[in-house]
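I opened the model to look up how its parts pack. My notes follow in the order in which I checked things.

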Amino acid sequence: MFELSKNILEKVSFDRLLFRKELMKAVKWLKPAEKTLLKVWCLATFGHQYKAEIMEVFKNVTKS
């Protein structure tokens, strides 16, 4: 699921809302260790573009 999530996020990275939606779905499906890896990968890959969205999605995950 981790690699699939990365592929999907790369394909939808052209659209902010779609990226956020797919990131939220990916976070729901992944195991805790994979969530950490995904966060690091997202920030490294898309942090320049979507840092606020990435941080917000992962912040909301830790609350629930």
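Which residues of the largest nonpolar core touch the most other members? I found L9, F19, L23, L38, C42, F46 and I54, out of 16 residues in that core. By a nonpolar core I mean a set of buried Ala, Val, Leu, Ile, Met, Phe, Trp, Tyr and Cys residues joined through side-chain atoms within 4.5 Å. Buried stands for under 20% relative accessible area, exposed for over 50%, and partly exposed for what lies in between, with a 1.4 Å probe and protein chains only.

Before going on I noted the ground rules. The model is predicted, so local features need pLDDT of at least 70 and side-chain atom pairs count only at pLDDT 80 or more, while totals for chains, interfaces and linings use all residues. Residues are numbered from 1 along each chain as its sequence is written, and side-chain values use heavy atoms, with hydrogens and water left out.

Helices here are DSSP runs (H or I, at least four residues), numbered from the N terminus.

Entry: α1 against α2.
I took helix α1 as residues 2-11 and helix α2 as residues 16-29; their axes come within 9 Å and cross at roughly 175 degrees. That makes α1 roughly antiparallel to α2, a label for angles over 145 degrees. The axes are lines fitted to C-alpha atoms, for helices over the stretch in contact, and the angles run from 0 to 180 degrees between N-to-C directions. On the α1 side I listed S5, I8 and L9, which meet F19, E22, L23 and A26 of α2; contact means heavy atoms within 4.5 Å. I sorted these residues into five nonpolar, one polar and one charged. For that sorting, Ala, Val, Leu, Ile, Met, Phe, Trp, Tyr, Cys and Pro count as nonpolar, Asp, Glu, Lys and Arg as charged, and the others, Gly among them, as polar.

Entry: aromatic rings.
How many aromatic pairs does the whole structure hold? The search returned three. Rings of Phe, Tyr and Trp (its six-membered ring) pair if their centres lie within 6.5 Å; planes under 30 degrees apart are stacked, over 60 edge-to-face, and the rest tilted. F19 and F46 have ring centres 5.1 Å apart and planes at 65 degrees, so I logged the pair as edge-to-face. It links F19 in helix α2 with F46 in helix α3, 27 residues apart. W41 and F46 are also edge-to-face, at 5.5 Å centre to centre and 80 degrees between the planes. Ring pairs link F19, W41, F46 and Y50 into a cluster. I noted W41 as buried at 15% relative accessible area and F46 as buried at 6%. Leaving aside neighbours within four places in sequence, F46 is in contact with L9, E10, S13, F19, W41, K51 and I54.

Entry: other positions in α3.
Is V57 buried or exposed? V57, in helix α3, counts as buried at 3% relative accessibility. Beyond four places in sequence, V57 is in contact with R20, L23, M24 and V27. E53, also placed in α3, counts as buried at 14% and touches R16 and R20, residues up to four places away in sequence not being counted.

Note on methods:
Helices (H or I, at least four residues) and strands (E, at least two) are DSSP runs, numbered from the N terminus. Angles under 35 degrees count as roughly parallel, over 145 as roughly antiparallel, 65 to 115 as roughly perpendicular and the rest as oblique.
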